[in-house]
Amino acid sequence: MSGSPGELSAVFVSDVHLCPSRMEMAQGFLEFLENLSGEVQSLYILGDLFEYWAGDDDLGDPFNARIAGALRAVSDQGAAVYLLHGNRDFLLGPNFARAAGCVLLPDPTVIRMQGVATLLTHGDTLCTEDADYQAFRVTVRQPAWRQTFLARPLAERKAEIEALRRRSETEKSRKPQQIMDVYPAAVEAALRQHGCTRIIHGHTHRPARHAHNVDGRSCERWVLPDWYRSGGFLRCGQGGCEAVGIKPG
Ligand code: MN
């Protein structure tokens with residue numbers, strides 16, 4: 001992305017957690033996508049677009065197909081749409097990306113905006129204090145695990161994910177709050193490793209702008225909001241970045 005004058009902005013969202021049982025927010029997201037047309041150069045979705053994703057063969061579901069179509073309309077109108085995996089939708093694959101006109105990016109990804117090296121990540125890898133989750137993540141991100149899981153019937157996969165989610169909700173309620181947040185030293189190590197002075201992530205559902213000092217360089221960390229009750233996004237352009245809230249309806 002160049003820093004030329006008159007450049008259109010980039011928009012970042014995360015943790016939309018789309019599911020048919022929360023149609024109000026799904027509708028809010030669809031309206032958000034419609035309003036983007038012509039105004040942005042790039043849309044970055046930083047993970048957990050869906051409440052969960054059981055595999056690209058679930059594109060046959062009308063709700064999922066509708067979301068893919070709405071994303072496709074954004075890229076058809078000339079904006080680039082980029083997608084990172086979240087911890088809930090890491091099984092989004094090439095067929096979804098094709099249907100939705102998105103480019104799947106690795107986590108993390110570095111982009112330059114107005115000369116600022118910016119690190120994009122879902123954010124779950126920064127929660128390094130949650131050892132149980134990190135071990136689980138290593139397992140399920142292995143290609144062999146993925147292949148075996150995706151070979152099972154769709155209905156069986158969905159049932160297993162639902163069961164896993166119920167267990168995870170119980171476990172989460174028992175974990176201390178700070179374990180569920182990013183670990184500042186992990187944030188600073190990531191900024192240092194990738195030579196970035198800005199990081200944008202979601203996952204923690206604690207929207208904020210934080211300042212970090214990494215080896216004497218002042219860095220900023222934007223945490224994107226979730227879309228459970230209301231939504232929001234970050235818009236970055238020539239003047240820097242600003243958080244924008246969205247109320248449904
Ligand atoms: Mn997440």
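Reply: Gladly. Bear in mind that this is a predicted model. Start with burial: under 20% relative accessible area counts as buried. H122 and H203 are both buried.

Me: Which protein atoms are the donors of the manganese ion?

Reply: A donor is an N, O or S atom within 2.8 Å of the metal. Here they are D48 (OD), N87 (OD1), H122 (NE2) and H203 (ND1). Their distances from the manganese ion run from 2.1 to 2.3 Å.

Me: What spacing do the donors follow along the chain?

Reply: The pattern is D-x38-N-x34-H-x80-H. H122 sits in the loop between β6 (116-120) and α4 (131-140), and H203 in the loop between β7 (198-201) and β8 (208-214), so this pair ties together parts 81 residues apart in sequence.

Me: What is the strand order in the open sheet of 5 strands?

Reply: Read across the sheet: β5-β6-β7-β9-β8, with mixed pairing. An edge strand pairs on one side only; here those are β5 (109-113) and β8. On average, neighbouring strands are turned by 25 degrees against each other, direction ignored.

Me: How many bridges join β6 to β7?

Reply: Count 3, with the two strands running parallel.

Me: Which strands does helix α7 lie across?

Reply: Helix α7 (residues 184-194) lies across β5, β6, β7, β8 and β9 (217-223). Against β8, the helix runs at about 65 degrees.

Conventions. Residues are numbered from 1 along each chain as its sequence is written. This is a predicted model: local features need pLDDT of at least 70, side-chain atom pairs count only at pLDDT 80 or more; totals for chains, interfaces and linings use all residues. Side-chain values use heavy atoms; hydrogens and water are left out. Donors are N, O and S atoms within 2.8 Å of the metal (3.2 Å for Na, K and Ca); water is not among the atoms, so sites may look incomplete. Helices (H or I, at least four residues) and strands (E, at least two) are DSSP runs, numbered from the N terminus. Buried means under 20% relative accessible area, exposed over 50%, partly exposed in between (1.4 Å probe, protein chains only). Two strands pair if DSSP finds at least two bridges between them. Axes are lines fitted to C-alpha atoms, for helices over the stretch in contact, and angles run from 0 to 180 degrees between N-to-C directions. Contact means heavy atoms within 4.5 Å.
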